[in-house]
Amino acid sequence: MTNTPTTVSFTQMKDGTKEDYELLAKLERPFLALTADRVMSELERAGEDTLDGYKISRLQHGLQSATRAEADGADLDWIVGALLHDIGDGLAPQNHDRMSAEVIRPFVRWDVSWVVEHHGIFQTLYYGRYYGWDENAREEFRDHPCFESCAAFCELWDQSSFDPNYETKSLEYFAPMVKQVFGRKAYDPVVIRDGFVSPLTQTGGRA
């Protein structure tokens with residue numbers, strides 16, 4: 001009886017065989033299935049981070065953003081996007097917006113990942129002048145179809161969500177939503193809807 005190999009035969013990827021890569025694909029499936037759990041663990045870790053100077057933690061900020069999104073009638077993709085828009089902050093504070101977008105990009109609509117990717121530069125409208133930055137840097141994207149969505153995302157859900165007195169739903173409440181989104185087939189065109197711009201809220205997402 002032939003034993004099924006548990007490791008690949010190569011030490012350089014260019015030397016791998018069809019059997020090697022079939023083995024890796026098989027072994028990768030359980031890891032991919034646990035993506036939502038790893039995302040939840042990162043959110044929990046964000047709850048341990050004390051953002052010096054702020055009144056709430058990074059986790060509380062994400063939860064408050066998502067709570068506001070849901071209260072405004074946003075759909076699942078926007079709620080999860082609001083929850084996770086700063087998830088890259090722990091490892092990539094200088095470009096957390098882009099890292100956060102890459103975390104969700106395979107599983108949410110195109111416009112949601114675009115907004116998360118660009119929310120950092122849009123947020124400078126509120127404070128850039130105090131650091132000598134161009135507070136109108138977002139104008140570079142004025143003609144982009146997602147400009148208004150990103151402006152509304154920042155106004156309604158991001159910049160407003162640092163209030164320790166706001167009644168915010170728990171991480172456990174949002175956990176099923178995270179699992180639903182990350183349980184989707186990655187890069188499914190039916191989910192991504194490339195080029196489609198959806199309303200943020202029931203009223204069209206205007207700030």
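Me: Which residues lie nearest the centre of the second largest pocket, and how many residues line this pocket?

Reply: Thr35, Arg38, Val39, Ile87 and Val103 lie nearest the centre of the second largest pocket, among the 13 residues that line it. On a 1 Å grid over the protein atoms alone, a pocket is an open set of points with protein on both sides within 12 Å along at least five of seven lines, and a residue belongs to the lining if it has an atom within 4 Å of a point. The model is a predicted one, in which local features need pLDDT of at least 70 and side-chain atom pairs count only at pLDDT 80 or more, while totals for chains, interfaces and linings use all residues. Residues are numbered from 1 along each chain as its sequence is written, and side-chain values use heavy atoms, with hydrogens and water left out.

Me: What is the make-up of the lining of the second largest pocket by class?

Reply: It has 7 nonpolar, 3 polar and 3 charged residues. Here Ala, Val, Leu, Ile, Met, Phe, Trp, Tyr, Cys and Pro count as nonpolar, Asp, Glu, Lys and Arg count as charged, and the others, Gly among them, count as polar.

Me: How much space lies in the largest pocket, and which residues lie nearest its centre?

Reply: The space in the largest pocket is about 830 Å³, whereas that in the second largest pocket is about 260 Å³. Such a volume is the space filled by probe spheres set on the grid points, which are joined across faces, edges and corners. The largest pocket is lined by 24 residues, with Tyr54, His96, Gln123, Tyr127 and Phe162 nearest its centre. H3, helix H5 (96-104) and H6 each give two or more residues to this lining, and H6 gives the largest share, 7 residues. By class, the lining of the largest pocket divides into 9 nonpolar, 9 polar and 6 charged residues.

Me: What class of accessibility does Gly16 have?

Reply: Gly16 counts as partly exposed, because its relative accessibility is 25%. Gly16 is found in the segment before helix H1 (18-33).

Me: Why is the pair of Phe122 and Phe141 called stacked?

Reply: Rings of Phe, Tyr and Trp (its six-membered ring) pair if their centres lie within 6.5 Å; planes under 30 degrees apart count as stacked, over 60 as edge-to-face and the rest as tilted. A search of the whole structure finds 14 aromatic pairs. The centres of Phe122 and Phe141 are 6.3 Å apart and their planes lie at 25°, so this pair is stacked. Phe122 lies in helix H6 (residues 110-127) and Phe141 in the loop between H6 and helix H7 (147-158), so the pair ties together parts that are 19 residues apart in sequence. Phe122 is buried at a relative accessible area of 0%, and Phe141 is buried at 16%.

Me: What kind of aromatic pair do Phe153 and Trp157 form?

Reply: Their pair is edge-to-face, at 5.7 Å centre to centre and with 70° between the planes. Phe153 and Trp157 are 4 residues apart in helix H7, so about one helical turn separates them. Both are buried.

Me: Where does Arg68 lie relative to Tyr166?

Reply: Arg68 lies over the face of Tyr166, at 3.9 Å from the ring centre. A charge sits over a ring if NZ of Lys or CZ of Arg is within 6 Å of the ring centre and within 35 degrees of the ring normal. Arg193 likewise lies over the face of Phe196, at 3.8 Å from the ring centre.

Me: How many cavities of 30 Å³ or more does the count give?

Reply: The count comes to 1, a cavity being a set of points where a 1.4 Å probe fits but cannot get out. The largest cavity has a volume of about 80 Å³, and the largest share of its lining, 5 residues, comes from H3.

Definitions and conventions
Buried means under 20% relative accessible area, exposed over 50%, partly exposed in between (1.4 Å probe, protein chains only).
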